[in-house]
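Hi,

Here is the structure I promised to send over.

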Amino acid sequence: SSLYLKTSTMAAASDLAKGEEMTDEAAEAAVDHVISTKGWLKEGEWEHHPMFLNHDPDIKMTQEKVDANPHLKAIQSLIYDGKTPEEIAEHFKQAGNELLGDRGEKGWDDVLRFYTTGIDAGGKDAKVNSILHANRAAVKLLKKEFVEVVDDCRKALEWDETNVKAAYRAARASLNLGLWVQCGEFCDQALKHDAENADVLKVKTQMETRLEQVRAKKAEQAAKEAAQTTGTAGRLQEALVERGLTIGPDLYGTGPLASKAYVDDEGTLHWPMVFLYDETMQMDAIEDFDEDANLSSQLSVMFPGDRFMPWDQQEKYVHDKLATFVEIYKGPSGSDTMMKKLSPKIPLSSVLKKARVPPVIPVHVLPEGSEALARFLEDHERA
């Protein structure tokens, strides 16, 4: 097999020679002379030509070197002259198979080039094309290029859906990619044409085992998360009862924040909060506000006095010149609300006692001494 390409070339050279009234012996002698003398090649190039590829297991063939040398290109063309695309495809299928057997891992890249050349020949033989894709996939499977393995196997199966090896290799690659459903589908396709195939049945069993392990792990994780959620909800309910609080409906369309209240490991209740600037119809949301914190630190960051919000054209909003009110429900049922004044310097917990509150605490913020504050007080009942 190590002389396969050389023999093919000599046969093609002989055919060409006959057209030029050259004897077979003369053509073979000419090729042997080229191989033995290598006089027309640049130093260091001859061993990279596919004609001599199998003579040395360490040879690295590159098509670029062939293309760069007109003599190499001419001899390479002898293989193809007068051959149909189907014959070329078959030739490189056989050449790839033999090289893989001769050189093993060292020849993987060259074998891939052979199979690719056979595919690119554009032959119409469905069986040969299917085998070329499946064989290229086999080498890529050895190289752990699993995505490309699946791509090649799909093409192989498009040419020949009965190609069990292609379906099997696609199943193995899918297994390594963690694509359990896809792996099962390829296994089923292979078993459809070879129901007792031991290799395919083994992969299917491995897939089912791993899938069951994944499902079990997911179920365990879901159970843990459910337990944590239940525990969190339980702690929250206990904290609300301790403070005499109940939760009513959301007030200002802050639904995404409505489930954010929680109790930390120290037993402190944390609330989502929304600041409402009634004068300008603006608002800000705060996802986590500690019940033991006061508003002063938050307001000093938002309204420091040396810079102002774009909507505060009159520069009235300064942290130590603001009035703040918490909006709570008036009773244990119904939708009516009232305002409870909250000094920015005292903790939120001081006003959130024995009350029914929205899931997101609304805090109304207005400038002290402003007409907006006066109207606000006239319009809203205070606790």
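Let me start with a helix pair: H6 and H7 cross with a left-handed sense. Keep in mind while you look that this is a predicted model. H6 covers residues 108–120 and H7 covers residues 126–142, and their axes come within 9 Å, crossing at roughly 160 degrees. Since angles over 145 degrees count as roughly antiparallel, that makes H6 roughly antiparallel to H7.

Who meets whom there? On the H6 side you'll find Trp108, Val111, Leu112, Tyr115, Thr116, Gly118 and Ile119, and they meet Leu132, His133, Asn135, Arg136, Val139, Lys140 and Leu142 of H7. Sorted by type, the residues of this contact come out as 8 nonpolar, 4 polar and 2 charged.

The other spot I'd point you to is Arg243, which sits in helix H11 (residues 198–243). Is Arg243 buried or exposed? Its relative accessibility is 18%, so Arg243 counts as buried, the cut-off being under 20%. Leaving aside residues up to four places away in sequence, Arg243 touches Gly267, Leu269, Glu291, Lys353 and Lys354.

Now for the chain as a whole. The protein chain has 13 helices and 8 strands. It runs to 383 residues, and 41% of them count as buried. If you take the contacts between residues at least 6 apart in sequence, 60% of those join residues at least 24 apart. As for the surface, the protein chain exposes about 20900 Å², with carbon and sulfur atoms supplying 51% of that.

Cheers

Definitions and conventions: Residues are numbered from 1 along each chain as its sequence is written. This is a predicted model: local features need pLDDT of at least 70, side-chain atom pairs count only at pLDDT 80 or more; totals for chains, interfaces and linings use all residues. Side-chain values use heavy atoms; hydrogens and water are left out. Axes are lines fitted to C-alpha atoms, for helices over the stretch in contact, and angles run from 0 to 180 degrees between N-to-C directions. Helices (H or I, at least four residues) and strands (E, at least two) are DSSP runs, numbered from the N terminus. Angles under 35 degrees count as roughly parallel, over 145 as roughly antiparallel, 65 to 115 as roughly perpendicular and the rest as oblique. A crossing is left-handed if the near helix is turned anticlockwise from the far one by less than a right angle, and right-handed if clockwise. Contact means heavy atoms within 4.5 Å. Ala, Val, Leu, Ile, Met, Phe, Trp, Tyr, Cys and Pro count as nonpolar, Asp, Glu, Lys and Arg as charged, and the others, Gly among them, as polar. Buried means under 20% relative accessible area, exposed over 50%, partly exposed in between (1.4 Å probe, protein chains only). Accessible areas come from the Shrake-Rupley method with a 1.4 Å probe; for residues, only the protein chains shown count as cover.
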